[in-house]
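Thanks for coming. I will take a few minutes on one model and go through it piece by piece.

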Amino acid sequence: MYVDYLTFTVGQLYFGIPSAGVLEINKNLEVTPVPGSAKFVKGLINLRGQLVPAINMHQYLGVEQSQLASQSISIILSVSGKLVSLQVDTVGDILPLHESTFESAPSNLSEASSKLILGGHKLSGKLLLVFDYKQIFPTEPQANQLNQPSQLKQPLITN
Amino acid sequence: MDSSDDILLEFILEAREILDRLDIDFVALEKDISNEKLIANIFRAIHTLKGSSGFFAFKRLEKISHAGESLLGKIRDGQLRLDEIKTNKLLEALDVLRELIEGIEATKLEPPGDDAQLIKDLLILASGGELVISTASNPETLLPKVESITGHNDATEMSQGLMAHSAQTLELTNASQQIKENSSNIEHVRSGEISAPVKVNLEVLDKLMNLVGEMVLARNRLLPFTNQYLDLNFSSAVRNIDLLTLELQERMMKIRMQPIAQLWSKFPRLIRDVSHECGKNVHLIQEGGDTELDKSLIDAIRDPLVHLIRNSIDHSIELPQARIAAGKNEAATLALRAKHEKGMVVIEIADDGAGINYDLIRNRVVDKGFLDEAAAIRLTDSELIDYLFLPGFSTKSVITNLSGRGVGMDVVKNNITNIGGSIEIFSPRGQGTTVRLKIPLTLAIIPALIVGCENESYAIPQVSILELVKLDLSLEENSIEDFYGVKVFRLREKLVPLLFLSERLDADKKEPLGDAALNIAILQANDVRFGLVVDKIFNIQDVVVKPLDSFLKGVPNFSGATLLGNGRVALILDIDGIAAGADLAAKSQEIPVHPAYEASEMQSEEVAMLLFDLAGGHRMAIPLDLVERIASIDESEIQKNGNREVVHYSNEIMHLIRVGEYIDGTQTTRGVAGTLPVIIPRVGSGLIGLAVQCIHDIVFVSKHLHIANPPQKGIAGCALLDDLIINVIDLDEILVMRNMRDGPKPYPEVIDVNVWH
């Protein structure tokens, strides 16, 4: 079964994401920084009246920022109704890839990294890393857990 | 259709929704019998239905749902297993509920009838017993249903009973006749009265709202072009778009905003019924019912509020005898208060009962096995309150109709946090309980001051702004002083702590203090006033508040974001957060607002006045509402325009009025040491400056002025401030006097006619 992947690069790394989740690709959108936010949040983008958080992929992936990048490219994704923008260096072709070339991540990939990377497609000459973009939204803490005093560990016994 | 009909209609719509959902859930449950989430959902839905029927005193509804809930509660807790008999019985109960709702829709009254058998069956099942026969097909239970239809409408309970007896002798044909009449009646009512409002998905409304917001921005971009191209046709077309957009925006907001009184109007009855059931005497006070908030928020806080009110009456308020013994008034007071506060809606449910029983909570903490006794004893009162928010934590040992089922504060808290709000409980021992809900206006348009800092724009909600000050450090009398490491400056002889926005946003940054003029916004956070230094001050405009999404939750200093006319994003500053971040107001969250203070603020019997002097030491005042800003001008800058005095002020021509000239008994104002304090009031479109001798302070005086008799020119009346009598000027009259004096002159009218109204 073939799946269409949108390819992009961040630093020296070559990534792909299933193109179904991609809303649009934009160049040089103005990003308003949010002081005090997490480092990988570059700021907010006004996308036709909707505020979209922009993720600095260099920071997110821990890749050196290339000084040469004169322009920023935004890949706008729609993840379960929410929009997010990935700021990447370049965007490549959309490639139809077959699952036969897919291989999951090697077991010595660090736990943090394996959360980001689902696996890789072995293309001729290079490796396309499949970025798990659904993980990018911070997991919302469950409402119930918020209420519990911290010393509580055991489950509740209800009558 | 009056308001109580509206509420009833809403109830019917809600009940139908619940029943429809229950049907689906039950069917799903049959397939997946051990799905705990589903059981909890059903349980909660029935609980809600029961609660709502409590308002309207629909006893049958309430009793059946109570019985159903008892059974479901046991199933939820795993004490009983759902089987076919139980499902059938529950579905039967559901059908009766649906019949009742239909009856209510037709006649606005609950159809009378006898559900004793059904309730008994449900309770037998709930207690773990077995049913001997299935009563669903038992003709005896069907009979009362038929009878009951004869006694609908305005029959009192007495006559209902009588008619039920006599109906037994009615022939069946007679009864069926009645049914026919009744059903035609239902049809008639359906086509006529209940044209339910169109239900629009909130998502659709949100999308529409976004589009309107975009439209406003597009309009803002379009407006400057009319000045560039002086084409009349183009201008009028743009003007048209401008007006339409404005109206669109206003309508859009109105669709979503509703006064909280709409929700509160249900409560007097609820409180009456609940307090009767508990044998308590409760007096309800409502304040701020006209506070508007978003429709979706009103819906979201309905159940939590009902729950909190029930809690207050059931748990906190004492029985009359106990109140008298404690030296309190026999009737307890339950106050509902709402108001806008710094971009949030604050809702308080306050009672003057015994408050939270901390010892009971502590025992319960130990009983439930959360902590051992030694650890529990060390818990402070506020730590004990945290336990109230745990699921299934109830201090009531007996399950009553009102509380004790474990659908508790955890659900309330979840509902509130889900909409981005917070809940706080204050309960000093023996002095009642105050529950404070802070609900954000996630979707709202608020006026905000746009300021600039480090090349970015930020918005400060106008509610937080007290005044704007320009502090020119090159002048000798102005300086920033060091209060043992804290920067302060003197504002009318009071020290005001200073924060630099650039430093707050970027901790590494240290602002070098040159001789530059500082733009300072004097802000009021929760309980502290401070000055925030910004690079630039732009303008005040209405902004659409957009919440920050999950990536930016927990970022300090910001409460939201908005889009400016040029399409750029501006972050909205969280003034309380900034103050707390700078340790200015670290404790403010923990200090409950004194109820007396709250009340006086809400009723606003007092009005703020700006106090100033005219030459000769005459103490005068002007209502602060009328004042736009205060400035100080150099006398040498005053120029003559005919017989008028004008000043060049912030790129506009400001007309100067020496107030003293218009009020008998005072002298013409002259500046001290070359500078002249000027009050700039809010009038029409022109810029006017009221020159006075000196400006003192802002004071609060009674709203009701003493009217001077005979009336004096230019003075509206006088107010008392302690022992001092202060004359309050009549701005309109002064402007009129000025225009009249200028009237005969051939010069064109300068002052906008708006000031005349």
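I start with a term: two residues are in contact if their C-beta atoms, placed from the backbone, lie within 7 Å. Helices (H or I, at least four residues) and strands (E, at least two) are DSSP runs, numbered from the N terminus.

Some housekeeping. This is a predicted model, in which local features need pLDDT of at least 70, side-chain atom pairs count only at pLDDT 80 or more, and totals for chains, interfaces and linings use all residues. Residues are numbered from 1 along each chain as its sequence is written, while chains are lettered from A and ligands numbered from 1 in the order in which they are written.

Now chain B. On one side of the contact between H4(B) and H5(B) are B:Lys86, B:Lys89, B:Glu92, B:Ala93 and B:Val96 of H4(B), and they meet B:Leu118, B:Asp121, B:Leu122 and B:Leu125 of H5(B). Five of the residues in this contact are nonpolar, none is polar and four are charged. Here Ala, Val, Leu, Ile, Met, Phe, Trp, Tyr, Cys and Pro count as nonpolar, Asp, Glu, Lys and Arg as charged, and the others, Gly among them, as polar.

H4 covers residues 84-107 and H5 residues 116-126 of chain B, and the two pack at about 145 degrees with axes 10 Å apart. Axes are lines fitted to C-alpha atoms, for helices over the stretch in contact, and angles run from 0 to 180 degrees between N-to-C directions.

Which residues of H5(B) are buried? They are B:Leu118, B:Asp121, B:Leu122, B:Leu125 and B:Ala126. Because they cover an arc of only 135 degrees around the axis, they sit on the same side of H5(B); the arc is that of the directions from the helix axis to the C-beta atoms. Buried means 20 or more other C-beta atoms within 10 Å of the residue's own, exposed 12 or fewer, and partly exposed in between, with C-beta atoms placed from the backbone. The cover over these residues includes helix H3 (59-76) and H4 of chain B. Just after H5(B), B:Gly128 has a positive phi of about 90 degrees.

Last, chain A. It has three helices and 12 strands, and 31% of its 159 residues are buried. Its mean pLDDT, the predictor's confidence in each residue from 0 to 100, is 77, with 83% of residues at 70 or more. Over residues 140-159 of chain A, pLDDT stays under 50.
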